[in-house]
Amino acid sequence: MADEAGYSEDALEAGRLLFAGDAKFVKGVVDLKGLPASDRTEVCFAGRSNVGKSSLINALTNRAKLARSSAEPGRTRELNYFDIGEGRLYLVDLPGFGYAKVSKSQAEAWTKLTKAYLRGRPSLRRVFLLVDARRGLMDTDDEVMDMMDKSAVTYQIVLTKVDKIAKGEVDEMAEKIAGKLKKRGAAHPVVRMTSSEKGWGIPELRAEIAALA
Ligand code: GDP
């Protein structure tokens, strides 16, 4: 299914309310021992660096600079925990995959941490795997999906930067990806389309998250 799944007014309002309060940075996690207690629903955002992940998190939370771009050093190398709705939900920003400016050993350490996190987090309800609408699925995305299929973590593809290409091309890309997802056990069938720049798909994504919280 590549169509925009319809949302009721109530669902959109629930999403708006969840994200209406202050989103607070809780902590950056560098190893599994640093994870906060698994005591509430958690969703996480994953994707290749430069996919538009920090822009999307900032759009969802109405904050200009809550999440940092992978082009900046610092917090982007950790699993960053944010509190949404005053204790209702953790939103987790995973380090971007395939960041060019890191050593091989650093890249391996992050991959190890990310994999361990995705496999062993009981409160993790859904992973939003961000994919650039112009590029589609890359090899690293397939690797991450293989891993999530194996560990039965539900994930949903979110196309980013859809304002950069024509609507017809976005629809085509979404259809193509949806077709590939049919063969994957843990994939959510609906491909979401977003533009942080234009605000497109943001209320719907909030509603989707609120329904899980
Ligand atoms: P991250 O590395 O995944 O956190 O990516 P960023 O959020 O830093 O975005 C990478 C680049 O893509 C930046 O130059 C953003 O301005 C741009 N970008 C992100 N989202 C959008 C979008 O929805 N539309 C357009 N046109 N550009 C975007």
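1. Which helices each supply at least two residues of the lining of the largest pocket? They are α3 (104-119) and α4, where a helix is a DSSP run of H or I with at least four residues, a strand is a DSSP run of E with at least two, and both are numbered from the N terminus. A pocket here is found on a 1 Å grid over the protein atoms alone, as an open set of points where a 1.4 Å probe fits, with protein on both sides within 12 Å along at least five of seven lines, and its lining residues have an atom within 4 Å of a point.

2. On the basis of the model, please note that it is predicted, that local features need pLDDT of at least 70, that side-chain atom pairs count only at pLDDT 80 or more, and that totals for chains, interfaces and linings use all residues. Residues are numbered from 1 along each chain as its sequence is written, and side-chain values use heavy atoms, with hydrogens and water left out.

3. On confidence, the protein averages a pLDDT (the predictor's confidence in each residue, from 0 to 100) of 90, and 92% of the residues score at least 70. Where pLDDT is low, the predicted coordinates should not be read in detail.

4. The largest pocket has a volume of about 410 Å³, the volume being the space filled by probe spheres set on the grid points, which are joined across faces, edges and corners. Its lining comprises 20 residues, and those nearest the centre are F97, T111, K115, E143 and V144. By class the lining holds nine nonpolar, six polar and five charged residues, with Ala, Val, Leu, Ile, Met, Phe, Trp, Tyr, Cys and Pro counted as nonpolar, Asp, Glu, Lys and Arg as charged, and the others, Gly among them, as polar.

5. The sheet is open and has seven strands in the order β1-β3-β4-β2-β5-β6-β7, with mixed pairing. Its edge strands are β1 and β7, each of which pairs on one side only; two strands are taken to pair if DSSP finds at least two bridges between them.

6. In the antiparallel part, β1 (residues 24-29) is joined to β3 by five bridges, and G28 has N80 as its bridge partner in β3. Five bridges also pair β3 with β4 (residues 89-93) in the antiparallel sense, with I84 opposite L89. The hairpin of β3 and β4 has four residues between the strands, and in this hairpin G85 takes a positive phi near 65 degrees.

7. Strand β3 (residues 79-84) has six of its six residues buried, that is, under 20% relative accessible area, as against over 50% for exposed and in between for partly exposed (1.4 Å probe, protein chains only). Both faces are covered, with L79, Y81 and D83 on one side and N80, F82 and I84 on the other.

8. In the parallel part, β2 (residues 41-47) pairs with β5 over six bridges, and C44 stands opposite V127. Strand β5 (residues 124-132) is mostly covered, with eight of its nine residues buried. The chain passes from β5 through α4 (residues 139-151) to β6 in a right-handed β-α-β crossover, meaning that, with the strands pointing away from the viewer, the path from the first strand over the helix to the second runs clockwise.

9. Strand β6 is largely enclosed by the rest of the structure, because six of its six residues are buried. Y155, I157 and L159 point one way from the strand, and Q156, V158 and T160 the other way. Two bridges join β6 in parallel to β7 (residues 192-193), with L159 opposite M193, and β6, α5 (residues 167-181) and β7 form a right-handed β-α-β unit.

10. Helix α6 (residues 202-210) has seven of its nine residues buried, so it is largely enclosed by the rest of the structure. The buried residues of α6 are I202, L205, R206, A207, E208, I209 and A210.
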